[in-house]
Amino acid sequence: VLNERWTGYTSVEIAEQSLKTGREVFRFVLEDIKALPDNIPIIVEGVGLTPEIVHPVMTSAHQGIWLVPTKEIMERSFRKKASFLQITMGDQAETTITLLLQANIHLMDVIKSQAEQYGCKEYEIGEKLSIEENTANVWAHFSQYLR
């Protein structure tokens, strides 16, 4: 049960466990990235695929980009989950979702910090731009390095 799985943990502990799991689980993804030809663009998606993990297998800091949602996007997404989970979890749904939201906010902060540390591109996805505009901005990042 979701609420029992995270009982007794802080949001930071949950985030750190996710990062630890990512280092273990994504080793096969890193092997795939290593096998790619140099300068192939990499768009990273997935909790645990942090700049710290992926940067060592990149041929350039410009080869990858980390897409991170704004806090508003995350909050709206987690609120939708809370209302859905209230059916099975009752009053505990809100507390659990809030804890997991805070953990995800911490994860995004870690990704942003690591991206800055390693000189990698982090791109925040929000509501101000359309999907097409966000896609164009991501393409603009890669297109300058693919010539």
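**Figure 1. Salt bridges across the whole structure.** A search of the whole structure finds 3 salt bridges. The model is predicted. The pairs are arginine 23 with glutamate 52, arginine 76 with glutamate 127, and glutamate 124 with lysine 112. Close-ups of each pair follow.

**Figure 2. The salt bridge between arginine 23 and glutamate 52.** The two side chains meet at 3.9 Å, N to O. Arginine 23 lies in helix H2 and glutamate 52 in helix H4, so the pair ties together parts that are 29 residues apart in sequence. Arginine 23 is partly exposed, at 41% relative accessibility. Glutamate 52 is also partly exposed. Its relative accessible area is 36%.

**Figure 3. The salt bridge between arginine 76 and glutamate 127.** Here the N to O distance is 1.9 Å. Arginine 76 sits in helix H5. Glutamate 127 sits in the loop between strand E3 (121-125) and helix H7 (131-143). The pair therefore ties together parts that are 51 residues apart in sequence. Arginine 76 has a relative accessible area of 40% and counts as partly exposed.

**Figure 4. The salt bridge between glutamate 124 and lysine 112.** The closest N and O atoms are 2.9 Å apart. Glutamate 124 belongs to strand E3 and lysine 112 to helix H6.

**Figure 5. The largest nonpolar core.** This core has 32 residues. Those with the most contacts inside it are Leu30, Ile33, Val54, Met58, Trp66 and Met108. Several elements give two or more residues each: helix H2 (11-25), helix H3 (27-35), helix H4 (51-54), strand E2 (64-69), helix H5 (71-89) and helix H6 (92-118). Helix H6 supplies the largest share, with 12 residues.

**Figure 6. Valine 54 and its partners.** Valine 54 is among the residues with the most contacts inside the largest nonpolar core. Leaving aside residues up to four places away in sequence, valine 54 touches Leu30, Ile33, Leu49 and Trp66. Of these partners, Leu30, Ile33 and Trp66 are also listed among the residues with the most contacts in the core.

**Figure 7. Leucine 99 beside threonine 10.** Leucine 99 is placed in helix H6. At 18% relative accessibility, leucine 99 is buried, because the cut-off is under 20%. Leucine 99 and threonine 10 are 89 residues apart in sequence. In space, their C-alpha atoms are 7.3 Å apart.

**Figure 8. The whole chain, for orientation.** The chain has 7 helices and 3 strands. Along the sequence they follow the pattern α-α-α-β-α-β-α-α-β-α. The C-alpha atoms fill a box of roughly 55 × 35 × 25 Å along the principal axes. Buried residues make up 37% of the 147 residues. Among contacts between residues at least 6 apart in sequence, 65% join residues at least 24 apart.

**Figure 9. Surface and charge of the chain.** The accessible surface comes to about 9,100 Å². Carbon and sulfur atoms account for 54% of that surface. The chain carries 14 positive and 20 negative side chains. The centres of these two sets lie 1 Å apart.

Note on methods. Residues are numbered from 1 along each chain as its sequence is written. This is a predicted model: local features need pLDDT of at least 70, side-chain atom pairs count only at pLDDT 80 or more; totals for chains, interfaces and linings use all residues. Side-chain values use heavy atoms; hydrogens and water are left out. A nonpolar core is a set of buried Ala, Val, Leu, Ile, Met, Phe, Trp, Tyr and Cys residues joined through side-chain atoms within 4.5 Å. Buried means under 20% relative accessible area, exposed over 50%, partly exposed in between (1.4 Å probe, protein chains only). Helices (H or I, at least four residues) and strands (E, at least two) are DSSP runs, numbered from the N terminus. Contact means heavy atoms within 4.5 Å. Accessible areas come from the Shrake-Rupley method with a 1.4 Å probe; for residues, only the protein chains shown count as cover. Lys and Arg count as positive and Asp and Glu as negative; His and the chain ends are not counted. The place of a charge is taken as NZ of Lys, CZ of Arg, CG of Asp or CD of Glu. A salt bridge is a side-chain nitrogen of Lys or Arg within 4 Å of a carboxyl oxygen of Asp or Glu.
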